[in-house]
Amino acid sequence: MNPAKIRLSPTEMELVNNADLILTKNAILKKVNLLLENLQVKQQEVLRAQATGLMEKVSGTSPKISKGENYKGLPYLILDYPRYFDHENIFAVRTMFWWGNFFSVTLHLSGDYKKEAEEKLIASYKTLREKGFYCYRNEDQWEHHFESENYRLLSEMSKNDFERSVREKPFIKIANKISLPEWDDAEEILQRYFEEIIGMMAN
């Protein structure tokens with residue numbers, strides 16, 4: 001039997017003939033990369049100024065921008081700074097661009113770093129709640145989307161619920177996001193989220 005012909009739908013045929021689509025996408029991703037490069041310079045300045053206590057342990061790490069084409073089928077870029085990853089201990093602040101969805105900033109802690117930061121996080125509940133942060137609820141710590149199975153607004157959690165999540169889970173992720181139509185203000189907003197996270201950890 002002859003295999004079935006591979007056919008394109010009318011929409012697919014239109015797209016495959018549109019070189020400008022991919023060229024425009026590449027130009028956008030280059031601008032995202034530049035935005036993250038600008039942010040990493042500002043983030044390094046903040047960390048140098050607040051490299052005390054817990055932050056001092058990770059202040060020597062260097063920023064890293066990584067990219068891919070297939071988180072849930074869509075392109076993404078991630079700036080990790082500060083960043084420390086091993087099998088049991090994680091301290092990372094991740095600034096992410098996800099095509100078609102959002103920019104986000106996430107504090108990701110596990111192991112000794114999470115243990116050391118528990119009291120700081122719990123003491124910051126009211127501030128984090130007021131500033132619109134989310135708390136991670138999934139068992140798989142490597143997801144990034146903000147659907148209800150992944151993140152919950154702190155405004156929807158009691159302090160007791162938040163404290164239980166911080167103390168009982170082997171890792172904790174606190175995040176905030178902005179929509180892509182806020183592009184013109186994205187760098188300033190993302191930097192503010194970063195400063196809020198670092199300030200909480202440095203106190």
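**Notebook: rings, cores and a helix pair**

I began with Lys-173, which lies over the face of Tyr-136, 4.2 Å from the ring centre. I counted a charge as over a ring if NZ of Lys or CZ of Arg is within 6 Å of the ring centre and within 35 degrees of the ring normal.

The model is predicted: local features need pLDDT of at least 70, side-chain atom pairs count only at pLDDT 80 or more, and totals for chains, interfaces and linings use all residues. Residues are numbered from 1 along each chain as its sequence is written, and side-chain values use heavy atoms, with hydrogens and water left out.

**Aromatic rings**

I looked up the aromatic pairs and found 16. Rings of Phe, Tyr and Trp (its six-membered ring) pair if their centres lie within 6.5 Å; planes under 30 degrees apart are stacked, over 60 edge-to-face, and the rest tilted. Tyr-134 and Tyr-151 are an edge-to-face pair, with 6.3 Å between centres and 80° between planes. Tyr-134 is in strand β5 (residues 134–136) and Tyr-151 in strand β6 (residues 151–153), so this pair ties together parts 17 residues apart in sequence. Helices (H or I, at least four residues) and strands (E, at least two) are DSSP runs, numbered from the N terminus.

I then checked burial, where buried means under 20% relative accessible area, exposed over 50%, and partly exposed in between (1.4 Å probe, protein chains only). Tyr-134 is buried at 15%, and Tyr-151 is buried at 4%.

**Cores**

I took a nonpolar core as a set of buried Ala, Val, Leu, Ile, Met, Phe, Trp, Tyr and Cys residues joined through side-chain atoms within 4.5 Å. The largest has 42 residues, and Leu-107, Leu-109, Leu-121 and Phe-162 have the most contacts inside it. Helix α7 (residues 183–202) gives the largest share of this core, 9 residues. A second, separate core of 11 residues includes Phe-102, Tyr-134, Phe-146 and Ala-175.

I listed the contacts (heavy atoms within 4.5 Å) of Phe-162. Leaving aside neighbours within four places in sequence, they include Leu-121, Tyr-125, Cys-135 and Ile-174.

**Helices α2 and α7**

Which residues of α7 does α2 meet? Trp-183, Ala-186, Glu-187, Leu-190, Gln-191, Phe-194, Glu-195 and Ile-198. On the α2 side I noted, among them, Ile-28, Leu-35 and Val-46.

I also looked up Ala-49, which lies in helix α2 (residues 19–49). Ala-49 is exposed, at 65% relative accessibility.
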